[in-house]
Every structure is written in C-alpha cells, then in structure tokens.
Amino acid sequence: MEVIDLSDDDIIIEDAPKKKSTRKRPFRCLNSDCQVETSLIHAEDFVRRHFGVLSYPKKKRVCTTCYTEAKRQQDSLVEVLESRRLLLAEKLPPPKTTVVLTDSGSDPSEDELKSEESEYEVECAEGKNLEETLEAIFSDLGLDNQIMDGRHHLEQRSEKILAEFEKLHAEEYGPIEKDLDKIRKDFYDSFRHEIVWQPSLDIGPSGTVIHQPDGTSEVIAEDSVQGPIEFLPPVGPLDRCELQPQELCYSMKYSLFARWVQAEVIEVEKREPKNTLYKIRYNRTKGGGLPRVIPGRQLAYSSKCATRIPVGTRVIAKYKDEDPKNSTISGSFYVGIVAEIPTAANKYRYLIFFDDGYAQYVHHDDIRVVTEASSCPWDDVSSDSREFIKEYLQMYPERPMVRLQKGNFVKTEWNGRWWRAQVQEVDGSLVQMFFPVDGRCEWIYRGSTRLSPLFNKKLNIKAQTEQLRTIRRRTAPAMPGSAVVEYGTFGQGQDVETNNQQGGERRAVARKSTMSRAGTPPKEVQLRIEQESKGFFNKHTLQEQIMKYRRHTCSTQCLGNIGDSMKKHKDFSPLLYPLLQGWNRLIVKQKRKTLTKHEVFYVAPCGLRLRNISEVFQYIINSESTLEIDCFTFELGVHVSLEWEPFKRIFYTEDMSKGEENVKISCVNSLDETEPLPLTYCNVRLPTQHVPLNLDQDFLICCDCTDNCQDKTKCACQQLTVYGTRICNMKENPNAGYQHRRLYEQVQSGIYECNSRCRCAVNRCLNRVVQHPLRLKLQLFKTARRGWGVRTLCDVPRGGFICVYVGKMLSETVANEEGKQVIGGDDYYAELDYIEVMESMKEGYEEEVIPPEDASKAAFQKSNTSKGAGSDDEPNSRPTKEQGSEEGNNTKTGKSSKDKDHGSDNEEDEAEEAAGIIVVGKETLKV
C-alpha cells in the first residue's frame, strides 16, 4: 500500500499576498507512480479500480500508457472467466491501494459523491427481465463454480502454509526460543540474592503497663524483638537415650497419681523398642532396698532436657501448691504431659496436664522427660484423663477455651455438682476460680469441661453427631465480657512447625508469639474465594431535574402526571424507586464553624426538601403517594444507584424461582460448570401431617390505629412485642420492634406485626414488613468452599428487610427421620419450640434438672472413683481431680448426650443475625 501526499486537482494555490496572482495546478495522471500531466483522457471505473483510487471521485484522469496497462489487465481477467479457469489460481499482479492525504476543506460533498455513481445499461433478451438475464450471465461465466472451487483452493493453500509454519517453528523458531530462555535465565541468575536462614526470633509484647498509686497507668515501650531466653535451651530434636547402670533417675513407686521418687539403675533387664525393662533400687544406700523391675515408661531422667520439649511429650514436673497445708506435696514430681510450649503469651513456661487432673504452668528447669513413650502419647495417660488428652492433642494447636475476664461468674463443676464460682485471675490458659461456698480457690484449665460453657458446647456437638443432622436455633447474642467458648491457637501455632522440623533439617524463621489459626485454606482455594466475589458495579444514570420550590400545601398534584407506581420498576432496587419517579437524593456538605459533615436530603417532585425519614413519611401521606417508607434511606454509606455484577458467568440462570417471587432471583457460577440441584421453589409455609396451625381469625389480636401505627403506645400489636421483651430483660423495652420498618436491634421474644383485622393501611403501616413480597435483587452463587450461597446485588440499609425463610413444617419425629436420610447431613432445620427458646434465655436456666435420687447416685459414683484413684500406700498423694473428660462430667451432672443443640455458634447463624432474622420455629422471618 502506498501513501502519498496529493492535493486535489481543483485546488488553487495562492502566491504571496504581495503579488496577488494565482495559478492553477495542472492535472496529473491518477496513477501515483506516473507523473504525466499531458495527453490525459477520462478514466473509466475499471481503470480507477485498478489503480486503487475508485473511492476518490476527483481522481478521474489517466494517461494513455496507464490506460493501456489497466485495459490489458482487464482483458486477461475476462479471458480467464470465459475459459472457465479459476481466478484465484492465476498469477495476478498485487492490487494497488492509494491513500490520498488532503485537508479537511477538500473532502467531497454528498452531491459530488452522488454524481460520481456509475450507471450501467443492460440489454435484456426478449421476454426476460433483469433477474433472469443476470442468472443467465452467471451461468454462462460459471461464477458458481468459481466460488466453490475458490473455497477449496484457499483451504488447500491455508493447510499448506500451516504445515510449512509448523515445520519452520520446529526447525528454526523452537531452538531459538530455548536459547533465548537459557540466556535470560543465566542473565537474571547473576543478580539473584543468596538466601541464608537465620536463627528464629520470638517477638514479644510491645509494651509494659505500669500502674501508678493514684490509679492511672503508664505504658512503657519495650523492644519488639527479644533475643534468646537465657533460661530456655535451644530448639532441637528430643533425644531419649538409654539409661546406664549406676545412673540416677526418677521412678514411679506407687501409682500414676503418686509422686515419683529417686532411684538408681542396677542393670538393663530387657531391650525392646519402646518397652525396655530396667532393674532399679529406690534406696541408694549400700545394701538397702529391694530391687524392682520397672519399664522405661515409668522412669524419667534425673537431669533437665538439653532442648525444648514439644507438645505431647510424657514428662514429670514439680507441682507447687499455694496452700501451706499441702507443703508435703508441693515441690514433688508428678507425671503428666506437655500441653503448651513456652512462648511470650504464657511467659515462657510449659503448661503441664498432670494425670490426676491438675494443670499448672512449670518452668523448664522443673521438668524431667520420661525415658520412653508409646506411639500415641495418650496411651500412657491415666484412663480418667485419656479421652481428654487424646482430643486435645488431635486438635492442637487449635483449641476451644472459654473466654473469661476477672469478675465473671461461671458455673463450675466440683465434687459432682455445679457451683457458681467467680473468676479471680486469668493466667494464659489457666483461670483461678473462687468458690464462695467454702472460700476455696482453684486453678482450672480454660479448655476443661468443668466450666459449664464448654461442657454445654460439647454436649451440643455430640447430640448433633448422633442425630446426623444440623439443628439451627436462635440464641441470644453474647454480651460483652461474658463467658463464651472461642477457638484459636493462643500462641501455640508455632509448635506444629517445630515438631515437623525435628525429623529433618531445621528451618529458621522469624515468627510472632501468636500465630494465625490453623486451617487457613491453601492458595488455590484462596484464589477461588477471590474469584467468586470478583465483579463490577453498574451505575444507573438518571436525569436530575430539581424543580424550584414554591410555597404551597403538598397534595396529590405534587406528584405530577407520571404518578409513582412501584410495579413498573420492580426489576430495580427498591431504593431506586423514588429516583425513577421524579425524586432526587442529594448528599450535601455542610460547614458549621470548624465542623464539616455530610448529610443526605431527599427532594420531592415538587421541590420540597426533606431532611429525615419522618418528614418523608409525612409527605407520602399528604401526597397520597404509592411509594412506601422503606424505599428511602438517609445512610451515607448506601449507594442507591449501584448494582453489582460478577465478571465471569460460566453458568447463569435468570430466575431460579420460575416466576414464584415478585422479583427474579438469578443464579450464577463463576468457578466451574456445576449447576444447582433441582428444587421446587415455594414462598409460603407448607405444614405437614401432625403439625396443627391455628388459622382462626378470631385468634388474632388487632389494633384500631388510624395513624398508620406511628404511635407504639397506642398500637395493640406493637405493645405485644414490647411486652414480650420482659422475658429476656426482666423489664420492658419500649423501643423494641421496627423503627420505620427497619429493625436495628434483635428481638429474641419475636415481633407481632399487624394483620388483616387491623384498621391500618397495608402499604403505609409501619408495623408490616415481612408480609410484603420480595423486592431486593438476590442472587444464588457458587462459593469456593461452602456450596451455594445467596447475596444481594444492591446495597441494603441497616436493619432492612431481606426475605422470608419458609418451607416444610415438620414434627420433631419426622424431622429426625428425614435428617438421618440426608447424605452428609446437609439439611437445615429451625426448631419451633418458642417456649423452650424463651426459657433458655433466662439467667440460671438449666435444660435438665437432676432428680434427688440421680444426684445421690452420681455423688456415690464420684466417691467410688476417688477411692480407686488414690492409694493408701502413698501418704502424700494428692486428691484426684477430673481433667475434664466428657464421660466423667456426664456421669457427675446427670447430663444426657442426646440433648439438642441450644447454642450452636456457627458462621451461618452469625450471617443470619447480621441480616436481621427472627426465627419463629421452622418458619424463619428475616427482618
């Protein structure tokens, strides 16, 4: 293609203004390669097409030489067509393309273009029209065969070119690319930094709080990185060497619960892996004491370990009792297992779970390692604590513990009964409980089932496992500072890496004292999680025409001629309805002295500015508008004109409800091609057999409000909601319920809405929310780890109504049977026992009360257990205490493992609470 700079033939070039003379540029041949300006003739269309200037109407003169060249080419093409040869197979000269660069003032006008259109005269044979004549010409020249043969010719040429390209790539381009990659790699390798692993660092607390005598406190900054702890040995593999004759050690003398005493090894009786037998003597004086044969699992080294001891190691440790009456047992060695490694969170101490149920923090110097241990550490533990230790080690480093604060009152088990105890002090994973009954203090592990929150939690989990189904129940939200069960690593996440490094090469890293929770998803899953939420916002552009306000009394005339029907805009967000019907939503920046803030205003179609939701509601009443109050929001963070869409739609369905809902519910899968399982959509409750419902209209309580239930004190329906709050708080909450159809606080006792017998208007009543149809745009979407979920595509104001959760209403027997038949237990139930839900929220409520005979029986069993645990041969043995196994506590309290879940705190419940859901049994009302 040639690009030339030509001016039009008719352009007049003006000379300098002084000469005031003009001359006309002579015509040139339309061929850009020809400079002939004389003996030019008129160029026909085939000549202009040959030289590529057909689209330039002013290029219409050609010299005789160029005309002859174009004529020769034209005749050769005609001869090929007449001889029925393939045009594409002929060797034709490349077409010429000319681009003429002209100024904008010389572009041809429409009249010039029309005048340049060619006119052809065709003589039709007698009795034939134009169409028949053209068909005859096509047939004579064989143009149909030209098309078919040309297609096959091009396919063959393309295949030949592709084969030649692949051959060229394999022989030439491929080796060149490999050489370039090698050169690039060698080049960057010369700049690559060498990675050298450094010793690990423990990052300690950022500061120390100093309490002054006047009650104030001062924070003193400390170094964020601390060096090696002097009293702690380095991290390394645990080395258990064989005891040698004449070597001192510690040995179990009476039982696992008794203290260990010093002994001397006489000889090795039998050598077997993890079952070595030693002959020892307790009395080291010459000729004193009888020798005994003891297995290696009942012997411990006499010197401290040269490396840090990992979690799960069988050890003996010094127990220190604060009670002066127990000075004989304080400082003696008792057998146990390491539960925590030393970190900054526990002041660089080991947490030891003793076999007799006690738990205490011990320094490294006061611990001795047992010479041998079983493959499973819990096999060597006493049967009373074995299940607890097994569950603890299998879950480590993530552990459930009760979050407590000083001054909390928690029900705590002691001697087979539950007592109300107070938290005196919290030390890492231990808590000191004070029992007011006898003034006794005791240190308890915060993950022990002796604390009622964790005990109830484990019972609920066990009941769910046995029933093979999940029961979702509404529970009261945890109050600030109350005792709740929390899951976490609590500074022990680093021990997993330490244990893994013992078998191979150690890898030094700089780590914090508190690690992230175990169970972090892998990188591939994290990418899928990001992909499921990737999308963009579509902004609805609206014409803002704000009328100038003139003083008047608002009436139906303020709405104009277009009206404000909500039905024609149901495919949009309900917050967008007012803007589509002549309203305006303004965000105004106000400056008042030194204070600057933003506020939201609504401007009505008549120009009246409304500053709050009460003024909007009054305007709706005065103008008799069909818009409802929940179509307005004064929250700054809510964007009413934005609608979210996902970037990728591998699978997409426009409406999952198939017309059952007022608004279409779309379904999208941005991860894979998986489709949701077939479902029968319903938006009404479906009671089954043996589920009686009282649908008598006379059973309903109604109000006679004429102000659309604005005054709660006069509305009988809203007073039922207020009266129900006495159950939870022991006093009425006059503000309970809706605030202009928004629910800002959860009402555990339920909300009573107005019904069909009430005198208030259905569309304007402020106490009617969940009975209105769905209006939000919802979308069912595939998640990376949790199956299918539901999200909104537009902003929802705080406390706004989302949708109702309805379905089959089943009796408890039928629900249990259906839950067992569901594969994987993936079925969601909401229990309808309103009385039990309310009773469980009362302070001091217990699900089951132990009858007197059962309580005495439980105490008798506990007494027998205590007698079997201790030994009369050991005068200084400590009283046995339960470590916190579920089996032991169930026996002592008379609890049944088949209790239902009354406190499930899972992510689905938290998501429902955030959305504002009221559960009224099987039917869940989201508000």
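Modeller: A charge sits over a ring if NZ of Lys or CZ of Arg is within 6 Å of the ring centre and within 35 degrees of the ring normal. The model here is predicted. In it, Arg 791 lies over the face of Phe 781, at 4.1 Å from the ring centre.

Colleague: Over which ring does the charged end of Arg 349 sit?

Modeller: The ring is that of Tyr 361, and the charged end of Arg 349 is 4.4 Å from its centre.

Colleague: How is a pair of aromatic rings described?

Modeller: By two values, the distance of the centres and the angle of the planes. Searching the whole structure gives 22 aromatic pairs. In one of them, Tyr 319 and Tyr 358, the ring centres are 5.4 Å apart and the planes stand at 65°, so this pair is edge-to-face.

Colleague: Where do Tyr 319 and Tyr 358 lie?

Modeller: Tyr 319 is in strand S16, whereas Tyr 358 is in the loop between S18 and strand S19 (359–362), so the pair ties together parts 39 residues apart in sequence. Both Tyr 319 and Tyr 358 are buried.

Colleague: What is the geometry of the rings of Tyr 602 and Phe 632?

Modeller: Their centres are 5.0 Å apart and their planes are at 75°, so that pair is edge-to-face. It links distant parts of the chain, 30 residues apart: Tyr 602 belongs to strand S31 (residues 595–603), and Phe 632 to the loop between helix H11 (613–623) and strand S33 (642–646). Tyr 602 counts as buried because its relative accessibility is 0%, and Phe 632 counts as buried because its relative accessibility is 0%.

Colleague: Which residues form one aromatic cluster?

Modeller: The cluster consists of Phe 353, Phe 388, Tyr 392, Tyr 396 and Tyr 445. One of these, Tyr 396, is joined to Pro 397 by a cis peptide bond, with omega about 10°. Pro 397 is in the loop between helix H6 (386–395) and strand S21 (399–403).

Colleague: Now the nonpolar cores. Which residues have the most contacts inside the largest one?

Modeller: They are Ile 280, Ile 309, Ile 352 and Ile 367, in a core of 25 residues. Elements that give two or more residues to this core include strand S12 (260–270), strand S17 (332–340) and strand S18 (350–354). Apart from it lies another core, of 24 residues, with Leu 579, Ile 629, Phe 632 and Val 640 among them.

Colleague: What does Ile 352 touch, leaving out residues up to four places away in sequence?

Modeller: Its contacts include Val 315, Ala 317, Ile 337, Val 338, Tyr 358 and Ile 367.

Colleague: Last, the backbone. What is phi of Ser 39?

Modeller: Phi is near 55°, a positive value in a residue other than glycine. Ser 39 is in the loop between strand S3 (22–24) and strand S4 (40–42), and is exposed, with a relative accessible area of 60%. Lys 347, not a glycine, has a positive phi of about 60°. Lys 347 is in the loop between S17 and S18 and is exposed, with a relative accessible area of 57%.

Technical notes
Residues numbered from 1 in each chain as written. Predicted model: local features only at pLDDT ≥ 70, side-chain atom pairs only at ≥ 80, totals over all residues. Heavy atoms only, no water. Core = buried A, V, L, I, M, F, W, Y, C linked by side-chain atoms within 4.5 Å. Buried < 20%, exposed > 50% of the residue type's maximum accessible area, 1.4 Å probe, protein only. Helix = DSSP H or I, 4+ residues; strand = E, 2+ residues; numbered from the N terminus. Contact = heavy atoms within 4.5 Å. Phe/Tyr/Trp six-rings, centres within 6.5 Å; stacked < 30°, edge-to-face > 60°.
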